[in-house]
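Subject: Structure handover

Hello,

Here is the structure you will be working with. Please keep it open while you read the notes below.

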Amino acid sequence: MPRLYPIRLYGDPVLRGKARPVADVKAPVTVPGFAPAPLSEVARTMLETMYDARGVGIAAPQVGLPVRMFVVAEYDDDEEEHEGQDRPLRSRVLRELVLINPVLEPVNRKKDHSYQEGCLSIPGIYEDGVARDRAVRVRYTDLDGNAQVIEAEDYLARVLQHEHDHLEGKLFLDRLPPRVMDDHRADLARMQRDARAYLRRLEGKG
């Protein structure tokens, strides 16, 4: 099993499709470009990929696997973006979560705009003002096939909503005014070119 997956970039069609449910948590799955592997190994590699990119969460579509699963790490200073810091992220981890077939529901619909938001699939772009519910409940299946539920508020609630959006084919930029896209037009165009180039390589055409 490889240590890291390539992260799919803005412009990759897999980021815009609705992910399919995981039918059997014990069945192997195939990340494009890699050999079939147990879901538990894929989840671990997703976490390693997330740590390497200094993120707080990553969804399966972001590594090219269109299934309803994402992973999240809760840190002891989780309101920080951790960008450019030298201290290893693993030294800050309070817990790791693997959420399969998550169903998200709001607990507190009052909107929070107070955190800056970014995305591993849209590197280098961070924006304030993304409205998220202040508290959410997520029902999900774990890697052992057991039903679980988590309630979260503030920053962790934001992370869970962000990752759940990926399973619906939504990106955080979609929740901002169109002018924000205009502000980043050149960077987004570059990402689209890079996304197309990666897909050509994956198909053996690049």
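Val-136 faces Ala-152 of strand 5 across the sheet pairing. Val-136 is also the bridge partner, in strand 4, of Pro-106. Two strands pair if DSSP finds at least two bridges between them.

The model is predicted, so local features need pLDDT of at least 70 and side-chain atom pairs count only at pLDDT 80 or more, while totals for chains, interfaces and linings use all residues. Residues are numbered from 1 along each chain as its sequence is written, and side-chain values use heavy atoms, with hydrogens and water left out.

The sheet

Strand 4 (residues 132-141) pairs with strand 5 in the antiparallel sense over seven bridges. Eight bridges hold the antiparallel pairing of strand 3 and strand 4. Strand 2 and strand 3 also run antiparallel, joined by seven bridges, and Glu-74 stands opposite Arg-95 of strand 3. In general, the strands of a sheet pair through backbone hydrogen bonds, either parallel or antiparallel.

Overall, five strands make an open antiparallel sheet in the order 1-2-3-4-5. Strand 1 (57-59) and strand 5 (147-153) are the edge strands, each pairing on one side only. From one strand to the next, the twist averages 35°.

The helices

Helix 1 (residues 39-52) lies across strand 1, strand 2 (69-75) and strand 3 (93-112), at about 50° to strand 2. Helix 2 (residues 154-167) packs on the sheet and touches strands 1, 2, 3, 4 and 5, its direction making about 60° with that of strand 4. Contact means heavy atoms within 4.5 Å. Axes are lines fitted to C-alpha atoms, for helices over the stretch in contact, and angles run from 0 to 180 degrees between N-to-C directions.

Gln-161 sits in helix 2. Is Gln-161 buried or exposed? Gln-161 counts as buried because its relative accessibility is 8% (buried is under 20% relative accessible area, exposed over 50%, partly exposed in between, with a 1.4 Å probe and protein chains only). A polar atom of the Gln-161 side chain lies 2.8 Å from the backbone oxygen of Asp-133, and the side chain reaches the backbone oxygen of Ala-157 at 3.0 Å.

The cores

A nonpolar core is a set of buried Ala, Val, Leu, Ile, Met, Phe, Trp, Tyr and Cys residues joined through side-chain atoms within 4.5 Å. The largest one has 45 residues, and those with the most contacts inside it include Val-42, Met-46 and Leu-160. Helix 1 gives the largest share of this core, seven residues. Leaving aside neighbours within four places in sequence, Met-46 is in contact with several residues, among them Tyr-5, Ile-58 and Met-69.

An aromatic pair

Tyr-5 and Phe-34 have ring centres 5.1 Å apart and planes at 70°, so the pair is edge-to-face (centres within 6.5 Å make a pair of Phe, Tyr or Trp rings, the six-membered ring for Trp; planes under 30 degrees apart are stacked, over 60 edge-to-face, the rest tilted). Tyr-5 is buried at 5% relative accessible area, whereas Phe-34 is partly exposed at 23%.

Regards

Conventions. Helices (H or I, at least four residues) and strands (E, at least two) are DSSP runs, numbered from the N terminus. A polar contact is a pair of N or O atoms within 3.5 Å; within protein, one must be able to donate a hydrogen and the other to accept it, and residues adjacent in sequence count only if both atoms are side-chain atoms.
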